[in-house]
Amino acid sequence: MRKSKLRPSRRTPRRSKSATGAGAQVRSGTRVRTAASLTELPPTSQLVTLQDWLQFAVSVYDQAKVALGQVATTAHDEALYLLLRTLDWPLDSDERVLVRRIEPAQRIALRRVLEKRVIERTPAAYLTQEAWLGEHRFYVDERVIIPRSYFLEHLASDQIDTLLAAPARVRRVVDVCTGSGCLAILLAHHFPKARVDAIELSPEALAVARINVDAHRLERRVKLHLSDVFDAVPPPEGGYDVVLSNPPYEPSAVCDGLPVEFKKEPRLALDGGPDGLVIIRKLLRQARERLAPDGIVLIEVGGLQAAMNREFAHLQPLWLPSIDGSDCVCAIRAERLLASRA
Ligand SMILES: C[S@@+](CC[C@H](N)C(=O)[O-])C[C@H]1O[C@@H](n2cnc3c(N)ncnc32)[C@H](O)[C@@H]1O
């Protein structure tokens, strides 16, 4: 077990084209199955070391057919993360940690956390109250979706910078549909001279974003707004250089059929209306008045690439290549958006 294999930040799963084949945004690696087959955990009295507990956890994850993809894409990775966090042992421990003995009080804690994850189907990130994007840690709870965006990859690879005339001079940025505030915070780290607006419709989610903005000490540069897309946010002088959004884009019918773990996330964070495009349409309409002349709009759309290409062909969306080939983030240039007004 090397540091890079263990640390959850390196394994951040992303929402992607649907694992269900329905064009949905359930993340890659999500296993969608019909019903849990476990109602209680098997006995754990024989488990001595962390390795024993890890094997046990992987086996009960499998028996219970838990849905993965919110925290990690394999049962091994998620269970190891959850066990280490419950024990309060370092996530960057090496292999020797596996032979450490588990004390009686720790056994009780491990059994309880596995019951919550495997029997009650609580997502691991809600149990640990944290999520990682790259090296950045965010507080999360049931008020927000668990962060898992492709924007981490696109920002880290500088793909977004190549679309900008002068990335080092980016001054005004907005993250629409901010949830936990994770992408607004990534943007603030990526564009150190920028002021970042972060917009969210749910006051409960915005309270979580407040915790994260404060924890990252970005209260001076990241401003939170309670608003339905841009309704309550006036256009900034000169316009935004970057309008970024990871909106709800799952068609409503897909949300109805999600695994239990995903239904524990706020429906508002996932449900993009009958065809998934309701928020995206509004965002593009309102972005026209708010984009700087050489600005860009960046939207993560899950499995809606074909629908976007059909409905917004006149905007000529550019699809950013992602490592897993899902290419579900598009960029739209201001010139196209402004031309579409005519
Ligand atoms: C897919 S989540 C993305 C959250 C975060 N940006 C991330 O990547 O983890 C979408 C977010 O949009 C919010 N939302 C839904 N409808 C909205 C609207 N009309 N205006 C602003 N935010 C909205 C949801 O509450 C949710 O927090």
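I began with terms: two strands pair if DSSP finds at least two bridges between them. Helices (H or I, at least four residues) and strands (E, at least two) are DSSP runs, numbered from the N terminus. The model is predicted: local features need pLDDT of at least 70, side-chain atom pairs count only at pLDDT 80 or more, and totals for chains, interfaces and linings use all residues. Residues are numbered from 1 along each chain as its sequence is written.

**Entry 1: the hairpin.** I looked up strand S1 (residues 130-133) and strand S2 (residues 136-139). They run antiparallel and are joined by four bridges. S1 and S2 form a hairpin, with two residues between them. Gly134 sits in that turn and has a positive phi of about 60 degrees.

**Entry 2: other positive phi values.** Most residues other than glycine have a negative phi. I found Asp88, which is not a glycine, with a positive phi of about 60 degrees. Asp88 is in the loop between H3 and H4. Is it buried or exposed? I needed the cut-offs: with C-beta atoms placed from the backbone, a residue is buried if 20 or more others lie within 10 Å of its own, exposed if 12 or fewer, and partly exposed in between. Asp88 has 8 other C-beta atoms within 10 Å, so it is exposed. Arg121 is not a glycine either, and its phi is positive, about 65 degrees. I placed Arg121 in the loop between H4 and H5. With 17 other C-beta atoms within 10 Å, Arg121 is partly exposed.

**Entry 3: helix H4.** Helix H4 (residues 104-119) has 16 residues. From first C-alpha to last it reaches 22 Å, close to the 22 Å expected at 1.5 Å a residue. The expected span is 1.5 Å times one less than the number of residues. Which residues of H4 are buried? I listed Leu110, Val113, Leu114, Arg117 and Val118. They cover an arc of only 115 degrees around the axis, so they are on the same side of H4. The arc is that of the directions from the helix axis to the C-beta atoms. The face turned away from this buried side carries the exposed residues Pro104, Ala105 and Ile108. I then checked the neighbours: the buried residues of H4 pack against helix H2 (50-64), helix H3 (75-87) and helix H5 (124-128). Contact here means C-beta atoms, placed from the backbone, within 7 Å.

**Entry 4: the sheet.** I traced an open sheet of seven strands, in the order S5-S4-S3-S6-S7-S9-S8, with mixed pairing. Strand S5 (222-226) and strand S8 (318-320) are at the edges; each has a single partner strand, so one side of each lacks a neighbour in the sheet. Strand S3 (residues 172-176) pairs with strand S4 (residues 195-200) in the parallel sense, over five bridges. Val173 has Val196 in S4 as its bridge partner.

**Entry 5: helix H12.** In helix H12 (residues 278-287), I noted Ile279, Ile280, Leu283, Leu284 and Ala287 as buried. Down the axis of H12, they fall within an arc of 130 degrees, so they line one face of the helix. What do they pack against? The partners are S3, strand S6 (240-245), strand S7 (291-300) and helix H14 (334-339).

Key
Contact = placed C-beta atoms within 7 Å.
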